[in-house]
Amino acid sequence: MLKSSLLALFVLAGSSAVGQAPGSRPTLTPADGQGWTGDPSPVVWESVYVGSAPKLDGQLEEMWSAAKPLTVFVREAMGGDHPAPVILRALHTDDSLFVTAQWPDGTRSDMRDPFVWDAGKAAYERPSRPDDQFAIEFPINGDFGISMLTVTRSYKADVWHWKAGRGNPIGWVDDKHHVISQAPISHPRAVKHDLHGGRVVHILRAQDAGRSPYRQKDAPTAFAGAVLDSFEQQEPDGSMADVRGRGVHDGKGWTLEMGRKFNTGHADDDAVIDPKLDVRCAIAVLNDELYEEHSVSSLIVLRLTGGPGQAAAVRR
């Protein structure tokens, strides 16, 4: 089995286009670099215009009552079983998009690969242990789909990858990008995957440019507690400092808020969100899971309504 990280197996559905009604915003086509029109129609997620930005602290303030909740189901990427609900909401201002996700999770996992004291060795071990994670992916260019293991589509996507045990403590979300190609990718982190029938796909999963909001620590040389965090937080910079976000666990599940500007100024690795156009996306959830065990949604179309962008859309 191919061992790939988060979002490596979007296998439940492909990208699609929304039917265009009179007076509606333009429907994207493959020429727009955003997807295929022949795929099944996705669910529509509506973002509501607000005059000011919400506070991204994992506590839904009153202004979120203006957002229209949408429940989507994520299913296991390998097999499509065990559907789980995720409630999504979206708000936008003149220049920024803000989203929330709420999903059930009975166990709060907010420490990734911690140091665990081994009394027999009088030293710390660092076993593999997941932290809870959530991601949303937007197309940058190419024929966007939710399968990375594809032999027919090539695309580049922007990924907001929230990690409970790493960037979350200081309110940052990993800003990443994926490149999917049938041709070799000139990058040291690109990986070639051999598929059936002798076909191959090349996948690059990379952090955006800049300093990460966390770094791995060295293990203590003497006992300092039974279980210790192996990461410490730091302020990110560059394109890694584009997405703010914070999740809070209430004992039953997570409430996560994230947001960034429509245009970060880093077009090489970030999607530019045009409020006049429908925005294709998909989400993934990891609940005490690693690698291919994550759960994914089918394709979602995010539609921004109200505000200056809506007026422009109607005129087009």
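**Checking the labels**

Me: Where is D288 found?
Reply: D288 is in the loop between β17 (279–286) and β18 (295–296). Strands are DSSP E runs of at least two residues, helices H or I runs of at least four, both numbered from the N terminus. This is a predicted model, in which local features need pLDDT of at least 70 and side-chain atom pairs pLDDT 80 or more, while totals for chains, interfaces and linings use all residues. Residues are numbered from 1 along each chain as its sequence is written, and side-chain values use heavy atoms, without hydrogens or water.

Me: Why is D288 called partly exposed?
Reply: Its relative accessible area is 35%. Buried means under 20%, exposed over 50%, and partly exposed in between (1.4 Å probe, protein chains only).

Me: What does D288 touch beyond residues up to four places away in sequence?
Reply: T107, S109, P130 and D132. Contact means heavy atoms within 4.5 Å. S109 is 179 residues from D288 along the chain, but their C-alpha atoms are separated by 6.7 Å.

Me: What makes W162 and W254 an edge-to-face pair?
Reply: Their ring centres are 5.0 Å apart, with 70° between the planes. Rings of Phe, Tyr and Trp (its six-membered ring) pair if their centres lie within 6.5 Å; planes under 30 degrees apart are stacked, over 60 edge-to-face, the rest tilted. Both values pass, so the label holds. W162 is in strand β8 (residues 155–163) and W254 in strand β16 (residues 253–261), so defined by DSSP, 92 residues apart.

Me: How do you know whether W162 and W254 are buried or exposed?
Reply: W162 has a relative accessible area of 0%, so it is buried. W254 is at 3%, so it is buried as well.

Me: Why does R244 count as lying over the face of W172?
Reply: R244 is 3.8 Å from the ring centre of W172. The rule asks for NZ of Lys or CZ of Arg within 6 Å of the ring centre and within 35 degrees of the ring normal. The charged end of R166 sits over the ring of F231 too, at 5.9 Å from its centre.

Me: How do you know that R89 has no salt bridge?
Reply: The nearest side chain of opposite charge, E257, is 9.6 Å away. A salt bridge needs a side-chain nitrogen of Lys or Arg within 4 Å of a carboxyl oxygen of Asp or Glu. Lys and Arg count as positive, Asp and Glu as negative; His and chain ends are not counted. So buried R89 has none.

Me: What joins the side chains of R89 and Q102?
Reply: A polar contact of 2.7 Å. The rule wants N or O atoms within 3.5 Å; within protein, one must be able to donate a hydrogen and the other to accept it, and sequence-adjacent residues count only if both atoms are side-chain atoms. R89 is in strand β3 (residues 84–92). Its contacts outside four places in sequence include W45, W64, K68 and F98.
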